[in-house]
Amino acid sequence: MQLRDYQQHAVNAAISHFQQKSASAVLVLPTGAGKSIVIAELARRAKGRVLILTHVKELVAQNAEKVAVLTAKASIYAAGLQQKDASAKTVVASVQSAVRNLDAFASAFSLVIIDECHRVSLSTDSQYQQLLSQLKQHNPEIKLLGLTATPFRLGSGWIYRQHYHGRVGNTLNPTFEYCIFDLPLRPLIKQGYLTTPRLYDGLSAQYDFSSLKPKAEGDYTETEVNSILGKSGRATALIMQQLITLATQRQGIIVFAATVKHANEIMQLLSQQNAAILNAETPTVERDQLIDAFKDRQIKFLVNVAVLTTGFDAPHVDLIAILRPTASVSLFQQMVGRGLRIAAGKTECLIIDYAANGYDLFSPEVGQAKPNSKSVPVQVLCPECGFANIFWGLTDQDGDIIEHYGRRCQGLIEDTAQQCQFRYRSRNCPECGAENDIAARSCQQCESVLVDPDKRLREVLNQQHHHLFRCHNMQLSDDNGDLKVSYYDIEGNPFYRWFKLQSPAQRRALYALFIKPHSKVPGTPLPTIKTAAQLVALAERFRPPQLILLQKQKHSWQHVESYFDYQGRYQQFTEQ
């Protein structure tokens, strides 16, 4: 079998990396790019024993099949496939079966390859880490390679520390050290290896999930989603009417429902159609039978709840209906990927996002959850090192950036391999003045504890003569040559600040106290500012703080501190 050019490049990247380093590495290949072929070729080229791990039996079977095509037949260790053999040079195993039988892997392997490696957790009691710990006991120098289409985890971001394009990934808790190969989706479509996706928001109706907020370390809660869906019966009916109409021109339709209750409602509306439903409670035998029937085109609609995101391959699928919200770019990509494989008579895959998730298929990799439903990936150059960062942000109709949510430059300084120090938004240490991440708990420079905003507010508000002003909007005006900043609360009550611009020292103070903290697009160059009128003309580029702490003076209120990007308990209160 002849590898495609990009598959060979991926193999070469892995071999070159491990010839120079022992650190763990990741290959990023889109769904449908043929990761199994890359894995099989690496198993063929490896000098020692190879263990290929994944989490579903379908991928175990698929990887074993490709290994057998390119090299000696692999052993399979997976209870779901009723095989438990770990004797061959190459072993393909489900992690669940392997971790239950650690003694079967009490021998030296030279390479571990993990398919769908974005699922690997750093937790020492996780299945992958238990097995890796066992393997390292028999070979401390074992090499670890991951493959995935989605190299990020909701809540923790990128799964690697450093990208070969010169970008920092996750410096706090990466599962892997290096991303050594990263293939975009667009070239595979252009070369005809994947079908063309046509992505639309809901055409006839759409759910409004804009009020949802993801959990700190996960996706939206089922209770909140069901609450919204309970008020959206008409939308569901209109959506299913549209899908039934579209189905007359489509070969296979996958519907991603939000919850089990939602899926059952959808099935009632499809009662006259050739449809089936799958969820986590569907018995294994029944699930396999339904998937086989769908692949044989005996079933046209396959409704599922968080089941068909990985390890499922039905190339004839040409309509993906996403009826569930998700804060995970990774999950969205996995759902879309079910429809991108090529098949006879298939010229495109229609993808309809009825949940208005709003992700860009071709540049979704920001590594963090979307801050709001309107966010899109935007490119922001670093004013210090010139690195082209990709952050979540907002754009106008012309595509110009009107706001971005980046905190720190993600570029690596080439000579030192250290992350660029420029911060777009920061929290200054009161002890030494150093800039820190806005969520930092201790200063990176002097290591002094940074007071938690809630603790600070609680202590101050317990004193007399303080007021917590909750800012609703802000206006700029030219007051006889000075910049007047008018802050208003929800009831229209004002608070004013004035800034002078006559001397260089005053303009430096203006930058530190107003321009930088209030900027919607920090790091983006402003024209030379010498007058208040110039700033008033740029008013749209500045954001108000969420809270302003004020202290009562004899005849007025004095500004103490402004709070931006605040998420604490005082957010809903104007005073305490």
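Predicted model: local features only at pLDDT ≥ 70, side-chain atom pairs only at ≥ 80, totals over all residues.
Visitor: Why is Cys349 called buried?
Guide: Buried means under 20% relative accessible area. Cys349 has 0% relative accessibility, so Cys349 counts as buried.

Visitor: What makes Cys385 partly exposed?
Guide: The label lies between two cut-offs: buried is under 20%, exposed is over 50%. Cys385 has 32% relative accessibility, so Cys385 counts as partly exposed.

Visitor: How many disulfides does the structure hold?
Guide: It holds zero disulfides.

Visitor: How do you know that E26 and E30 pair?
Guide: Two strands pair if there are at least two bridges between them. E26 and E30, residues 547-552, have five bridges, in the antiparallel sense. Leu468 stands opposite Leu549 in E30.

Visitor: In what order do the three strands of the open sheet stand?
Guide: The order is E26-E30-E31, with antiparallel pairing.

Visitor: Why are E26 and E31 called edge strands?
Guide: E26 (466-470) and E31 (557-563) each have a single partner strand, so one side of each lacks a neighbour in the sheet. Neighbouring strands here are turned by 25° against each other on average, direction ignored.

Visitor: What does the UniProt annotation say about residues 16-169?
Guide: The unreviewed entry annotates them as "domain: Helicase ATP-binding". Over residues 16-169 the chain is 31% helix and 27% strand. The end C-alpha atoms of this stretch are 21 Å apart.

Technical notes: Residues numbered from 1 in each chain as written. Heavy atoms only, no water. Helix = DSSP H or I, 4+ residues; strand = E, 2+ residues; numbered from the N terminus. Axes fitted to C-alpha atoms, helices over the stretch in contact; angles between N-to-C directions. UniProt positions renumbered as here; feature names shortened; annotations may be inferred. Disulfide = S-S within 2.5 Å. Buried < 20%, exposed > 50% of the residue type's maximum accessible area, 1.4 Å probe, protein only.
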